[in-house]
Amino acid sequence: MTIWWLVVVLGFLGAAGIAFIWLAVRIGSAGVGSGKNRTDSLLEDSERDVEHIFNDEFREELRNRGRLHFEKIIGENAMFLQQDLRLTTSQLNEYMKTEITHKLEAEFEKYEQSIMDAKQLAVESIQKTNTAIDEQRQVMGRELQQEIIAEKQQIVQRFEQNMTDIINHYVLAAIGNQIDLNDQLEFILADLEMNRQAIIEDITHGA
Amino acid sequence: MAPEVERFVGLPLIVVTPVDVGRLVRELETIDNALLQQELQKQEAKLPKTTRFMDELIDLNKLNLLDKAERLRLKQFLAVVKQRAPLLHVSFGADPSSIFVEKVVDWLRENIHPLTLMTIGLQPTIGAGCLIRTTNKYFDFSLSKHLGENRELLMKALRESIATTATTPPQPATQTAEVAA
């Protein structure tokens, strides 16, 4: 809008200048006639008229009028230009504000989206970690349970293997002082009786 | 058995170990020397004071040690005993009394060999029973061996006891009041 106004003003000023030049040339070329005398007289008349009409005061008056008109046009155009410039500036500010707002909103949306993605990734990572920890805990629990069972079985097996010594130790600790050899004589002789033949054979055929 | 041994009834029950036999041999030599000195000094033959081992040996075999020939036979007999008598090493859980040892020796000499000697060992870990080591064999008559032989029976009883304990609900603790008679 402002550019068009500027173009119109400049076109108007150009047309006024061209018209002024054309009028000066026309007036200058009007003295050339057909007959030399007549022409000369006409030229002289015209020169006089011209000198009479376009004397220095008139020329100065025209120059002043042109200057004032030019200044007026310049002032108006400057005013229009200033208004247009203000309008353009305000529009430009509004445009910039809108654009920057859009850009910022877009950037904020992207930023928010990236934050959401990062948050989602973090949540997924935490969930995976929790799942892995749960699985690991379950695996460790099973392994621990198996180890406990194996250890228990091993202890029971060891107890069964050494149960004879354990009970013997317990019997000794409990009633060891009360065991009398005389009470055992019958059992010892019974054992000897059962192995008598083996003892005799070993004594007879031994070294 | 050698002919000089056949004349003898045997060893008294208090003579148990080869050490006892050796002690008898030394005592017999002492007696022999004492009687020889008495003979050389032309004194009346009189037996010196003998130990309980020698007394019982003399009584058992009806010996007259004043007779040189019998002393010689006894010496030969003791030498044979020392060399050929079967020796058993018996370990007990506690130190056995002399009566107990005599009973065991009596059984051994009656059922195994009349001249059986025995060395006694002490092994507190066996608890009850005894361990007998002969020349080539080892006989375990201890309580732990008996428990080991009956281990399955013991385990069965133990498992049944555990199963019964597991199925039976725990009884609340009760307190018994002492009632004066």
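This is a predicted model: local features need pLDDT of at least 70, side-chain atom pairs count only at pLDDT 80 or more; totals for chains, interfaces and linings use all residues.
**Two lysines in loops**

Where does Lys42(B) sit? Its place is the loop between helix H2 (18-40) and helix H3 (52-61) of chain B. The backbone of Lys42(B) has a phi near 55°, a positive value in a residue other than glycine. Most residues other than glycine have a negative phi.

Lys62(B) also has a positive phi, about 50°, and is not a glycine. Lys62(B) lies in the loop between H3 and helix H4 (68-84) of chain B. Is Lys62(B) buried or exposed? With 9 C-beta neighbours inside 10 Å, Lys62(B) counts as exposed.

| Residue | Phi | C-beta neighbours inside 10 Å |
|---|---|---|
| Lys62(B) | about 50° | 9 |

**The sheet of chain B**

Chain B holds an open sheet of 4 strands. Their order is E2-E1-E3-E4, and the pairing is mixed. Which strands are at the edges? They are strand E2 (117-122) and strand E4 (138-140) of chain B, and each pairs on one side only. From one strand to the next, the twist averages 20°.

Look at one pair. Strand E1 (residues 87-92) of chain B runs parallel to E2(B), and the two pair over 6 bridges. Leu87(B) has Leu117(B) in E2(B) as its bridge partner.

**Where the chains meet**

How many residues of chain B are in contact with chain A? There are 28, and they meet 28 residues of chain A. Helix H5 (98-111), helix H6 (143-149) and helix H7 (151-167) of chain B each supply at least two residues of that side. By class, the side of chain B that touches chain A has 15 nonpolar, 10 polar and 3 charged residues.

Trp107(B) is found in helix H5 of chain B. Leaving out residues up to four places away in sequence, Trp107(B) touches Leu189(A) and Leu192(A). Trp107(B) counts as partly exposed because it has 17 C-beta neighbours inside 10 Å.

Now take H7(B). This helix has 17 residues and reaches 24 Å from its first C-alpha to its last, close to the 24 Å expected at 1.5 Å a residue. H7(B) is hardly covered, with 0 buried residues.

**Confidence in chain A**

Chain A averages a pLDDT of 85, and 94% of its residues score at least 70. Among its elements, helix H2 (residues 36-53) of chain A has the lowest mean pLDDT, 76. Helix H3 (residues 56-161) of chain A has the highest, 91.

Notes
Residues are numbered from 1 along each chain as its sequence is written. Chains are lettered from A and ligands numbered from 1 in the order in which they are written. Two residues are in contact if their C-beta atoms, placed from the backbone, lie within 7 Å. Ala, Val, Leu, Ile, Met, Phe, Trp, Tyr, Cys and Pro count as nonpolar, Asp, Glu, Lys and Arg as charged, and the others, Gly among them, as polar. pLDDT is the predictor's confidence in each residue, from 0 to 100. The expected span of a helix is 1.5 Å times one less than its number of residues. A residue is buried if 20 or more other C-beta atoms lie within 10 Å of its own, exposed if 12 or fewer, and partly exposed in between; C-beta atoms are placed from the backbone. Two strands pair if DSSP finds at least two bridges between them. Axes are lines fitted to C-alpha atoms, for helices over the stretch in contact, and angles run from 0 to 180 degrees between N-to-C directions.
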